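Take a look at the picture first, then read on.

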Amino acid sequence: MSSSTNSAATPPPEAARAILVGVDFGRGAAFDPTLDELALLAESAGDTPVARVIARRKAPDAALFVGSGKADEIKLLVQAHEAHTVLFDQAISPAQQRNLERLLGVPVADRTALILEIFAARAQSFEGKLQVELARLQYLATRLVRRWSHLERQSGGIGMRGGPGEAQIELDRRMIDDRIKATKERLKKVQRQRSTQQRARQRNGVFRVSLVGYTNAGKSTLFNALVKARTYAADQLFATLDTTTRSLYLEQAGTSVSLSDTVGFIRDLPHKLVEAFRATLQEAADADLLLHVIDAASPVLDEQREEVERVLAEIGAADIPQILVYNKQDMLEESQRPRSPQDWVERDGGVRTPRVFVSALDGSGLDVLRAQIVEAMRGQNVGLNLQDLTPADGAEHLDVQDEDAAAATAPFTEQQARA
């Protein structure tokens, strides 16, 4: 097993210092040799990376994931940088997390927990908060096994098959199961309202367009540029979680379509999070056309495009017509920019797909993109006498009142489980 270690300067004392760890398991396993994306995730969660550790193994170590030697190396880095946490780029088991925390003396989190933390901080709508809480509860439910070492199961004695530890774990599991059921019921109410809005748009014959893409590809900036909205946009991962729908007027067609901005995708997006956000992602699955936004300046744009395609297939949106929108042309050198603002590529299955090159920041290529949307409407034999959407029709920030809303969206912690 070989490895390499890179260290960074110690951040200001107010920042949460984090050690980043990634393990290369060879072919067939997703791996970021730079750990740049994990660093962006950490920064989005409010941490400051101070060191990066890369290990290479054939398989995860059952007890410590990285093996005892590498774990000791990480411990020395934690002490040297006075780090507050260690973040792993891959998913680790509850037992591995517990063993690492005991050895390193600081909290340990994996990629899944980090993404969930960011989602919990960024969700704004009632629906978004419910979806994140459901995913967090489902994640926590898998981490209950023997978490309370002070209540170890006792053995010995006739008829003694359990002890207070086992009883505590069962109690925690029931409490979490109850919260999961309650959260799912509230989500159903929100989903019914969303379905009502979608049916209303379908009755009006509105052509539905959804923005999809890897997180930080510039979807929200493009959305704002197209519909002149003020949706929050920032140069960070998962800046936007809640679906927003507005009316987009197409002068070439003399009509409006509905345009939706959806949550961004990321490599190894937790399956439970995809399930929890299925109602939000349904906006993409029900669309007539997808604008697949790609960061043209990313060095791994092909991998990011493939990851988006994988998630689209998972939610049943693989066969929806697409326009590939290569964004951030303003960040490319002149020699890297395409000669034409639009061309065609052949995707899997021989599907001929238009590709448009734009900059949402300076507006270049947006007229070409609008023209391609009109062409997609014509290609699907959509009538061009659709009714314009009013702002009320276009807005899709759900406002569901529930007397238990605060309780439903309050994070469930281990402290509550112990109470």
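Let's start with a term: buried means under 20% relative accessible area, exposed means over 50%, and partly exposed is in between (1.4 Å probe, protein chains only). What you're looking at is a predicted model, where local features need pLDDT of at least 70, side-chain atom pairs count only at pLDDT 80 or more, and totals for chains, interfaces and linings use all residues. Residues are numbered from 1 along each chain as its sequence is written, and side-chain values use heavy atoms, with hydrogens and water left out.

**Salt bridges**

- Side chains of opposite charge can pair when their charged atoms come close.
- A salt bridge here is a side-chain nitrogen of Lys or Arg within 4 Å of a carboxyl oxygen of Asp or Glu.
- Search the whole structure and you'll find 16 salt bridges.

**A buried pair and its network**

- Asp89 and Arg111 join up in a salt bridge, at 2.6 Å from N to O.
- Asp89 sits in the loop between β4 (85–88) and α3 (94–104), while Arg111 is in helix α4 (residues 111–122), so this pair ties together parts that are 22 residues apart in sequence.
- Helices (H or I, at least four residues) and strands (E, at least two) are DSSP runs, numbered from the N terminus.
- Asp89 and Arg111 are both buried.
- A network of salt bridges links Glu37, Asp89, Arg111 and Arg267.

- In helix α6 (residues 164–203), Lys188 and Glu185 are 3 residues apart, about one turn of the helix.
- Their salt bridge has its closest N and O atoms 3.5 Å apart.
- Lys188 is partly exposed at 43% relative accessibility, and Glu185 is partly exposed too, at 44%.
- Over in helix α10, Arg310 and Glu307 are also 3 residues apart, about one helical turn, and their side chains meet in a salt bridge (2.6 Å, N to O).
- Glu307 is buried, with a relative accessible area of 13%, whereas Arg310 is partly exposed at 39%.

- Helix α5 (residues 126–141) has 16 residues and reaches 22 Å from its first C-alpha to its last, close to the 22 Å expected at 1.5 Å a residue.
- That expected span is 1.5 Å times one less than the number of residues.
- Of the 16 residues in α5, 13 are buried.
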